[in-house]
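Thanks for coming. I have one structure for today, so please bring it up on your screens before I start.

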Amino acid sequence: MTSLLRWQGRFNAAENIRHTCSSAAGPDDLAAKFDHEGIRYAYVTNGDVKFLQWACRTRRGCGITVDGGDHMVALVHMDAEWSAILDNNDTSKFIWVPTETLIAEWRASNGWAVTPIYTPAAPLPI
Amino acid sequence: MIRICRWLLLAILLFAAISFCFAGVNSQARVVKLPEDGSKWYVSVVGSDARYQEILGWFNTHEKLSALKNATHFCPITTESPLYKERYAPNCKALPTVRVQDSKGVVIYEAAGKQIPLTAGGLYGAIAESSNGHELLPWRRKHSQPMPTPAPVTPQPNPDPAPEPIDDGGTPVIENVFEVGGGLLLVCGLALLAGGILSEWERVKSRWSK
């Protein structure tokens with residue numbers, strides 16, 4: 001979540017969340033924390049893939065649960081074939097996973113996805 | 001004793017009903033409208049000095065620049081920002097920088113340092129001119145113009161005859177030549193026989209009449 005807040009230019013909020021929010025926080029805990037911090041956000045807990053597609057289509061990305069719901073990673077790309085995630089334990093490289101596999105893992109891990117709603121970082125110039 | 005039990009049961013039921021009602025309220029889902037802004041352009045203003053602050057202020061005070069700010073993803077980036085170090089420092093020629101990009105990242109307008117117009121109106125005019133395609137950055141031209149593509153391949157007629165449909169089963173319908181020929185022979189035979197009998201009858205009849 002820290003990576004996503006930074007990506008959307010909310011550096012102070014990212015630091016606050018990093019220091020105060022437990023990694024074991026569930027949807028209700030995180031929603032309460034975001035509400036307290038005044039952070040705009042959206043989330044689903046029903047495994048709706050359209051939310052992931054929207055998050056990637058608008059270049060915001062989103063946090064998704066994996067590992068049976070014990071861990072959250074940042075989903076930063078999704079197309080019909082491949083998805084890319086960033087793990088907070090090592091954000092230096094993308095982890096590419098077949099989209100079908102990722103969706104199966106996510107849905108088997110409570111299907112929770114959440115993202116802040118701010119301005120995503122501009123693309124690198126072409 | 002029975003009366004106490006009744007009251008206790010009533011209290012438990014009342015508590016359960018109240019808990020259920022509140023649980024229902026708490027579990028109501030909030031629905032937010034997700035912005036479909038994936039095709040928005042990006043306006044980045046990068047810098048940290050007084051000139052940067054002045055240009056940033058234009059996007060609040062100048063009517064048209066303010067409208068542009070509201071219609072795009074507006075990204076004010078200071079040089080202290082981690083995003084600057086990761087995504088802007090390697091490609092900013094000077095500071096401050098004003099960069100307008102389409103949703104794919106193609107630079108529509110970019111000015112840095114002393115290239116940035118003196119006034120808000122001037123900056124808006126420069127952006128408007130570039131976004132109309134009148135003044136593309138030289139290094140952008142090759143990206144913004146349609147790229148030549150190979151001529152479409154005209155399909156050649158296939159000299160091979162169309163393949164026959166594959167019959168995958170069933171008895172093929174074949175006319176029985178022997179049956180047809182046999183019938184014909186039978187008719188001919190009967191005709192000859194009738195002719196023979198008739199001619200013999202005529203011969204016998206003429207003998208008897210003699």
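Start at the hairpin of S2(A) and S3(A), where four residues lie between the strands and A:Asp67 has a positive phi near 55°. This is a predicted model, in which local features need pLDDT of at least 70, side-chain atom pairs count only at pLDDT 80 or more, and totals for chains, interfaces and linings use all residues. Residues are numbered from 1 along each chain as its sequence is written, and chains are lettered from A and ligands numbered from 1 in the order in which they are written.

A word on naming: helices (H or I, at least four residues) and strands (E, at least two) are DSSP runs, numbered from the N terminus. Chain A has five helices and six strands. Their order from the N terminus is α-α-α-β-α-β-β-β-β-α-β.

Now, which strands does S2(A) pair with? Pairing here requires at least two bridges found by DSSP between two strands. S2(A) runs antiparallel to strand S3 of chain A, residues 71-78, and five bridges join them. One bridge pairs A:Thr65 with A:Met72 in S3(A). S2(A) also runs antiparallel to strand S6 of chain A, residues 113-116, with two bridges. There, A:Ile64 has A:Ala113 as its bridge partner.

Next, burial. A residue is buried if 20 or more other C-beta atoms lie within 10 Å of its own, exposed if 12 or fewer, and partly exposed in between, with C-beta atoms placed from the backbone. Why is S2(A), residues 62-66, described as largely enclosed by the rest of the structure? Because four of its five residues are buried. Over chain A, buried residues make up 41% of the 126 residues.

A nonpolar core is a set of buried Ala, Val, Leu, Ile, Met, Phe, Trp, Tyr and Cys residues joined through C-beta atoms within 7 Å. The largest one has 61 residues, and those touching the most other members are A:Leu52, A:Cys62, A:Ile64, A:Leu75 and A:Ala113. S3(A) gives the most to this core, six residues.

Contact means C-beta atoms, placed from the backbone, within 7 Å.

Last, the other chain. In chain B, 22 residues are in contact with 17 residues of chain A. Strand S1 (42-47), strand S2 (73-78), helix H4 (82-88) and strand S3 (97-101) of chain B each give two or more residues to that side.

Methods. Two residues are in contact if their C-beta atoms, placed from the backbone, lie within 7 Å.
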